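Here are my notes for you on this structure. Have a look at the fold yourself, then read through the points in order.

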Amino acid sequence: MERTQVVVPAGEIERQRDFIRKTAQELARRGHPPLAVVDTYGCQQNVADSQRLMGMLRDMGCAFTQDPDAADVIVINTCAIRDNAEKKVFGVVGQLVHAKERNPELIICLCGCMAQQESVAKKIKASYRHVDLVFGPQALWKFPELLFETLQSRKRVFSIENVHGSIAEGLPVVRESGVKAWVSIMYGCNNFCSYCIVPYVRGRERSREPEDILAEVRQLAAEGYREITLLGQNVNSYGKDLERSMDFADLLAEIDKIPGDYLIRFMTSHPKDAGEKLFDTMARCSHVAKQLHLPVQSGNSRVLRVMNRGYTREQYLEKVRYARSVMPELTLTSDIIIGFPGETEAEAMDTVSLIEEVRYDALFTFIYSPRPGTPAAQMPDPASRAEKQVWFDRLLEAQNRISGELHRAYVGRTVRVLVDGECGDKRWPLSSRTNGGRLVHLDGGRDLIGQYVDADIVDSNTWALFGTLADSQRVPPCGDRPNSPHDHNAF
């Protein structure tokens, strides 16, 4: 696609601002300060999208609530990756019929990846008539116009056109944390893995201009955000559609030049596009976390080929070996699908043997869930659900053992962490993360949230570490501190 077809013109963004003003006037006629609910499901990209929706709602005069009975506008931002997520959303949407009965003026919106699927839109239209507005990810930037049309016409509005997608700069945003921030660097996907619905609902890959990304990161760093996560369906494809020569590693290097007390994380990295240049850049950049989420999906080369992943088991392992050679402290996580159509027990055990060899710090594991409209949904699948569960349990048993062993090795060490929130445990009231993203439950007061501190690790389990504040409770900013006795343990 030409860039002129991708980037939304500034005049169109100003037009949406005009609809924000009109919608604010429309909502103000209700005689009370309007309230909105934004309910988000799925990936971090959906969280970032919801923060844009909240920004537009805020500029329409809305405050936010978790109570649907108090709301004037409810927005449900959905995920289409797995069947369970869709079922949950339909359950939530079904319950909202009661809120609509109690408040006929309530506007209920369904958006996100589920909404972009024609089958879902038809189901909503026929069976969930209390839903007023349905729109997909490509129409998110037009939310003010769509909401105004819904309020004005009092008719149901659907915007799920099958388009490649766009980039809209300058939308308002509400960031719900002063510590962590999400920055989308690109949208869409060109990979068409045979099990995945994302390319069909989020459109083709399109990269934001580097100047816009750098300006956003620079502002976040200046505002004191401590952790900034770069988002894309495949961040390693960044820049392929730009009119200049810049790839993801180049972008990381430019971001790293921005001064400040922050860490950069990113997701998701597709293994076929992750190479030595990326790993070398990560190793060299002081602001880039030594953490890599590199989804392998399967440890069997035949299954990987049928999944259309674009690499073999051996190629994946070589990438891991190189990444660890330049970043010995690297924290490595992955995604695994067990029970892909046609997968045998032996092939599933190849995946178990791969995780034994790699020794991931953590895994996100799933039993295959067919997505209508994808090639895999039409493939023969002779293995029973019970067989797949047995394979899945073996995988979990192996990974839980590995995670437990890796975590136990931290006990007695001092690590540097970013305190990012509270977790409701009286003994360990704070949550924090190491540079490598390991969760550390910590003692201490909430005044430490947003601070880097040293933590003495005193206990662990499969999923987390437990620590007490070291004597040096606060340390100089990331990337600017002198060597200390704890530096070799900082990750």
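1. A word on burial before we start: a residue is called buried when its relative accessible area is under 20%, exposed when it is over 50%, and partly exposed in between, using a 1.4 Å probe and protein chains only. Keep in mind that this is a predicted model, where local features need pLDDT of at least 70 and side-chain atom pairs count only at pLDDT 80 or more, while totals for chains, interfaces and linings use all residues. Residues are numbered from 1 along each chain as its sequence is written, and side-chain values use heavy atoms, with hydrogens and water left out.

2. D49 and R202 are both buried, and they form a salt bridge with their closest N and O atoms 3.0 Å apart. D49 belongs to helix α3 and R202 to helix α8 (residues 198-202), so this pair ties together parts that are 153 residues apart in sequence. For a salt bridge, a side-chain nitrogen of Lys or Arg has to be within 4 Å of a carboxyl oxygen of Asp or Glu. Helices here are DSSP runs (H or I, at least four residues), as are strands (E, at least two), numbered from the N terminus.

3. How many salt bridges does a search of the whole structure find? The search gives 43. One of them joins the side chains of R15 and E145 at 3.0 Å, N to O. R15 sits in helix α2 and E145 in helix α7, so here parts 130 residues apart in sequence are tied together. R15 is partly exposed at 35% relative accessible area, whereas E145 is buried at 19%.

4. R58 and D59 also meet through their side chains, in a salt bridge of 3.1 Å, N to O. R58 is partly exposed at 39% relative accessibility, and D59 is partly exposed at 38%. Elsewhere, salt bridges with shared partners link E14, R17, D18, R21 and K22 into one network.

5. Now for helix α2, residues 10-28. Which residues of α2 are buried? They are I13, Q16, F19, I20, T23, E26 and L27. These cover an arc of only 125 degrees around the axis, so they lie on the same side of α2; the arc is taken from the directions from the helix axis to the C-beta atoms. On the face turned away from that buried side you'll find the exposed residues A10, G11, Q25 and A28.

6. Next, the nonpolar core, meaning a set of buried Ala, Val, Leu, Ile, Met, Phe, Trp, Tyr and Cys residues joined through side-chain atoms within 4.5 Å. The largest one has 68 residues, and I185, L230, F248, F266 and M282 touch the most other members. A second, separate core of 30 residues includes L57, M60, C62 and V157.

7. Last, the cysteines. How many disulfides does the whole structure have? The search finds zero, where a disulfide would be a pair of cysteine sulfur atoms within 2.5 Å. For C196, the closest cysteine sulfur is in C193 at 6.1 Å, which is too far for a bond. C196 is buried at 17% relative accessible area, and C285 is buried too, at 4%.
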